[in-house]
Amino acid sequence: MKKVIVLGAGLIGKTIAIDLSRKYDVSCADIQMCALEALSPKFNVTVIPCDLRDKIALNALVKDYDLVIGAVPGFMGFEILKTVIEAGKNVVDISFFPENPFELDALAKKNNVIAVTDCGVAPGLCNIFAGYHHAQEKIIGYECLVGGLPVVREWPFEYKAVFSPADVIEEYTRPANYVENGKPVVKEALSEIEKVVFNEIGELEAFNTDGLRTLAHTMSEVPNMKEKTLRYAGHAGLMKIFHETGLFSKTPVEIKGVSITPLEFTSKLLFPKWKLKPGEEDFTIMRVTIETEKENIIYTLLDRFDKTTNTTSMARTTGYTCTAVAGLILEGKYLRKGISPSEFVGEEKNCYEDVMKYLGERNVVCKKEVITKKELVTI
């Protein structure tokens, strides 16, 4: 039986480990025993306490596994991915790290490693859609609108962090890289707020974030590409106030002789309020529009909290995309060495079809609609 180790036992890492344990021998490592205790002894997953930032310990930890899953917060992601590649282990990573993954491409190829990065829902599944169509036909436009939200809106934030809260703040501060009229452009995070209406959900707001990521480089010939984050109306404006006030700053300030970054202080206050309560329901909404010269291909995903397993929608959509691709590697269906952003997986028709089938079996349903340009004119 193939052996897999999941690095990180958060909401999503735990979901990944449980899903993979249906078919593989799975372990999960984390520094926090309380996170690991949620896995043991309920599930067929071996838990391993480990400080994943310790490169020597991490190298020794992964040596006996066929595949490694990186499910750590973004600030740890790049160095952990580098260590795993140095250990010569195939890896699928979902961490939202700010560094360019292609900096590790030569290292991965040298060590004969398959390393799929940004393999969640967005980035991840949306990239798989883009890669599939990019390989089939000429694309002239790409837009992704995506968000994970609590079902119940609670003042003042009307938001709960359905993945690492530190990575949420990264979304709100990191400049957004887009492509407009064939040229790369950089836009301020939280800017260009617009209203968007979805059936079954109603009105949300969309704003700029750095979700396009590798697509800006791997599909640079596409003249227009952007990704926006979705939230309930008013949230982006509130976060802009936090940002402009300096509350997300990483520059230390001194208060009564103690040096602290505003971000540390803000996080201490925000994260408890952003934490989902046990059993609190969430949903994931995503609309990906891929424009060609003849038609628009629209993928719509609306996924909800699974009450039977108490699994958040964000953990389902992110985790199951990751485990679908993990299965492709473990079964020898995806073999490309080096750094593979998720769009590279989508470029292979069989892989795209397998991922879609895998998600469907877990009731993560992506509706696909094709509208010809003639129909658009009529509308």
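The legends below describe close-up views of one predicted model. Residues are numbered from 1 along each chain as its sequence is written, and side-chain values use heavy atoms, with hydrogens and water left out. Because the model is predicted, local features need pLDDT of at least 70 and side-chain atom pairs count only at pLDDT 80 or more, while totals for chains, interfaces and linings use all residues.

**View 1. The second largest pocket and its lining.** The second largest pocket holds about 390 Å³ of space, and its lining is made up of 14 residues, of which Asn199, Glu200, Thr300, Leu302 and Lys367 lie nearest its centre. The elements that give two or more residues to this lining are β10 (194–198), β15 (282–292), β16 (295–304) and β18 (366–372), and β16 gives the most, with five residues. By class, the lining has seven nonpolar, two polar and five charged residues. (A pocket is an open set of points on a 1 Å grid over the protein atoms alone, where a 1.4 Å probe fits, with protein on both sides within 12 Å along at least five of seven lines, and lining residues have an atom within 4 Å of a point; a volume is the space filled by probe spheres set on the points, which are joined across faces, edges and corners. Helices, H or I of at least four residues, and strands, E of at least two, are DSSP runs numbered from the N terminus. Ala, Val, Leu, Ile, Met, Phe, Trp, Tyr, Cys and Pro count as nonpolar, Asp, Glu, Lys and Arg as charged, and the others, Gly among them, as polar.)

**View 2. Serine 313 in helix α11.** Serine 313 belongs to helix α11, which covers residues 313–330, and this serine is buried, with a relative accessible area of 0%. (Buried means under 20% relative accessible area, with a 1.4 Å probe and protein chains only.) Leaving aside its neighbours within four places in sequence, serine 313 is in contact with Asp282, Phe283, Thr284, Asp303, Arg304 and Phe305, where contact means heavy atoms within 4.5 Å.

**View 3. Helices α6 and α13.** Helix α6 packs against helix α13 (residues 349–361) at an angle of about 145°, with the two axes 10 Å apart. (Axes are lines fitted to C-alpha atoms, for helices over the stretch in contact, and angles run from 0 to 180 degrees between N-to-C directions.) On the side of α6 the contact is made by Leu125, Ile128, Phe129 and Tyr132, and on the side of α13 by Lys349, Tyr352, Val355, Met356 and Leu359. This contact has eight nonpolar residues, no polar ones and one charged.

View 4. Helix α1 (residues 11–20) is largely enclosed by the rest of the structure, because seven of its 10 residues are buried. The buried residues of α1 are Ile12, Gly13, Thr15, Ile16, Ala17, Asp19 and Leu20, and what covers them includes β1 (3–7), β2 (25–30), β3 (45–49), β4 (67–70), α11 and α13.

Conventions. Buried < 20%, exposed > 50% of the residue type's maximum accessible area, 1.4 Å probe, protein only.
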